[in-house]
Amino acid sequence: MSPQRFRFGSAVAGLAILLAMIAGPSARADTVFARMAYEVLDGLRKARADAIPAASGYGRPTIGARRFDENEVPVPVKTANAWNRRLLNELQRLARDEFDFVDAAGIDLLVRDIEGSLGPADDKANRIATLKARSQPDIRITGSVTMAGTTPVLAYQAMETGGGRLLSSTAPRRMKFSEIGRAPFVAASDVQAESTAANAPDGLVEEAEIRLRALGYDPGPVDGILTEETRRALRHYQLDSALPANGRMTGRVIENMRRDTR
């Protein structure tokens, strides 16, 4: 984010720190929500959403997620809002150079800090008003949760707040949990992917994706997630390199890529 955006008081300086903590440069992909973030961003890019004028007057448009209210969703509201935060984390990790991001829960914390600080009431009210005005999102991500029998189904839409234009949407994703109210929700469709990725040597998937792309093979998004698209590119590379074409992410294959100078 541009430093100029945070020159109107210590509260907003705190906001810059809080937003930077959402997802640092070394943050790893959240397997469950990375795919949904890619769907959102794909639609935003096709809609040229990065060209939306920032309402705050500072460069890039800002993205924020609308929070779920109590009794609004058929799952615990804390769980639903945790989903929002995980999606926002992934969006920020993947597109921090295209958009700015606002975490509504973080704004609330800053407002409470200002309210509890020392100083004239008028000064605090002005700081809060400025903070809220400059943290309004230009693009709002809105989630919906429905039930398919006893299974929650989650989907998201991205809308331009200034004109109401629908910019992007995700496919509905079935979520599941082992014990209601106790175990975290995970995406049912991601269970197999997570298990497959766990069999790859730690930290090598993202390196393999980068090297495959550099060598002319398309592994899909470079996100550290071992998908079927990644395996397909890997098998093509193995065939061309006279290696067993099994799609397995082994240390030997990675070492071969490191030496490959094509």
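This is a predicted model: local features need pLDDT of at least 70, side-chain atom pairs count only at pLDDT 80 or more; totals for chains, interfaces and linings use all residues.

Reader: How many helices and strands does the protein have?

Author: The protein contains nine helices and seven strands. Of its 262 residues, 42% count as buried.

Reader: Why may strand 4 be described as largely enclosed by the rest of the structure?

Author: A residue counts as buried when its relative accessible area is under 20%. In strand 4, residues 151–160, eight of the ten residues are buried, so the strand is largely enclosed by the rest of the structure.

Reader: In which sense do strand 3 and strand 4 pair, parallel or antiparallel?

Author: Two strands are taken as paired if at least two bridges are found between them. Strand 3, residues 139–148, pairs with strand 4 in the antiparallel sense, over ten bridges. Within this pairing, Thr146 stands opposite Val153 of strand 4.

Reader: What is found in the hairpin of strand 3 and strand 4?

Author: This hairpin has two residues between the strands, and Gly149 takes a positive phi near 70° there.

Reader: How many bridges join strand 4 to strand 5?

Author: Three bridges join strand 4 to strand 5, residues 166–169, and the two run antiparallel. Here Ala158 stands opposite Ser168 of strand 5. The hairpin of strand 4 and strand 5 has five residues between the strands, and in it Gly164 adopts a positive phi near 75°.

Reader: What share of the accessible surface of the protein belongs to carbon and sulfur atoms?

Author: The accessible surface comes to about 13,700 Å², and 51% of it belongs to carbon and sulfur atoms.

Terms used: Residues are numbered from 1 along each chain as its sequence is written. Side-chain values use heavy atoms; hydrogens and water are left out. Buried means under 20% relative accessible area, exposed over 50%, partly exposed in between (1.4 Å probe, protein chains only). Helices (H or I, at least four residues) and strands (E, at least two) are DSSP runs, numbered from the N terminus. Accessible areas come from the Shrake-Rupley method with a 1.4 Å probe; for residues, only the protein chains shown count as cover.
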